Amino acid sequence: MSKVFFCYSWATLEDDVRFKVLYCGICHTDLHFIKNDWGISTYPFVPGHEIVGEVTEVGSKVTKVKVGDKVGVGYFLESCRSCENCSEGLENYCPKVVLTSGAPYHDGTKTYGGYSNEMVCNEHFIIRFPENLPLDGGAPLLCAGASVYSPMKYYGIAKPGSHIGINGLGGLGHVAVKFAKALGAKVTVISTSDRKKDEALNHLGADAFLISRNVEDMKAAAGTMDGILDCVSAKHPLVPLLGLLKSHGKLVTVGVPAQPLELPIAPLVVGRKLVGGSNVAGIAETQEMIDVAGKHNITADIELVSMEDLNTAMERLAKGDVRYRFVIDVANTLKAP
């Protein structure tokens, strides 16, 4: 894996926002793209879609932000803005959505992500950051936060009176616990061992902890959950999770394993249960999520790394050796071109 020391610049058009990149989160999706796990990567590839910084220039028609504002850009930075999904604020599901890194832009150029010194983006896709929300810990929310907040709201699995299970306490899962609690739900963390039990209960504020390999505990918890947010990005069995759901319960996957998962139909039919998925969030909902994070002081638990240590961070991420997100200190460590 080669090191990335990259700077680029586009012209600032009348409806564009230019900002200096201060921090950029390292997402597991970056690693998937770097390794071409999904067979869609093109090179050269500059990752990064959890990008935060300070506005340095705005186009003449920009009204959303001003110079000096703290802003961010998430998983995508353009869409057609005319299809049904876009008209409903679901730009993330637009057939012509343009990913923030490694994607062809409408004019034929290629997008490069936030492992860079600055970015230019149309104001529609800019997210405003609350003044009280730290940019370093807030950066991963642009992907991880949106990825867990949106399904919680859409499927109604995290609200006062509901009981939600969070499967996998990693980059997505630890943020999911925080948002589920903020939304008023009872939260049980589901994990394969008790290694993170104390952290889940005493640091993140989960109400209960369940070891998925403990047959007796799983049996005791059967039929107790209204929903489960499955945050695991490796291949794993779904049957034990389906058994935890009440009738009409919903299992929603947000992790994207490189290998297909087996889905037995009988448990769905017997309990009228649902297995669904979700992919980040539209711009309006992402802004809503960031505002909720500001209100409840929600940030990701991060380890700040320099550009010099990027390769090491990627190697550790591949091994799951991070609690819970790496964030690059771009402004202080990116070398001059």
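Is K335 buried, exposed or partly exposed, and what is its relative accessibility? In this predicted model, K335 counts as partly exposed, at 46% relative accessibility. Its partner in a salt bridge is E308, with a distance of 2.7 Å from N to O. E308 sits in the loop between β14 (302-305) and α11 (310-318), while K335 belongs to the segment after α12 (330-333), so this pair ties together parts that are 27 residues apart in sequence. E308 is likewise partly exposed, with 34% relative accessibility.

Another of them joins E54 to K70, whose closest N and O atoms are 3.7 Å apart. Here distant parts of the chain are linked: E54 is in strand β2 (residues 51-58) and K70 in strand β3 (residues 70-73), 16 residues apart. A relative accessible area of 32% makes E54 partly exposed, and K70 is partly exposed with a relative accessible area of 26%.

A further salt bridge is formed by K181 and D207, and their closest N and O atoms are 3.0 Å apart. K181 lies in helix α5 (residues 171-182), whereas D207 is found in the loop between α6 (197-203) and β10 (208-211), so the two tie together parts that are 26 residues apart in sequence. K181 has a relative accessible area of 32% and is partly exposed; D207, with a relative accessible area of 40%, is partly exposed as well. Salt bridges can also join up into a network, as they do for R18, E57 and E118.

From charged pairs, the view now turns to the nonpolar residues. The largest nonpolar core has 90 residues. Within this core, the residues with the most contacts are I26, Y115, M152, I164, I166, F179 and L229. Strand β1 (residues 16-26) gives the most to the core, contributing 7 residues.

Leaving aside residues up to four places away in sequence, M152 touches I157, A158, I164, I166, A176, F179, A180, L183 and L229. Another core, of 13 residues, lies apart from the largest one, and its members include M218, A221, L238 and L268.

Terms used. Residues numbered from 1 in each chain as written. Predicted model: local features only at pLDDT ≥ 70, side-chain atom pairs only at ≥ 80, totals over all residues. Heavy atoms only, no water. Salt bridge = Lys/Arg side-chain N within 4 Å of Asp/Glu carboxyl O. Helix = DSSP H or I, 4+ residues; strand = E, 2+ residues; numbered from the N terminus. Buried < 20%, exposed > 50% of the residue type's maximum accessible area, 1.4 Å probe, protein only. Core = buried A, V, L, I, M, F, W, Y, C linked by side-chain atoms within 4.5 Å. Contact = heavy atoms within 4.5 Å.
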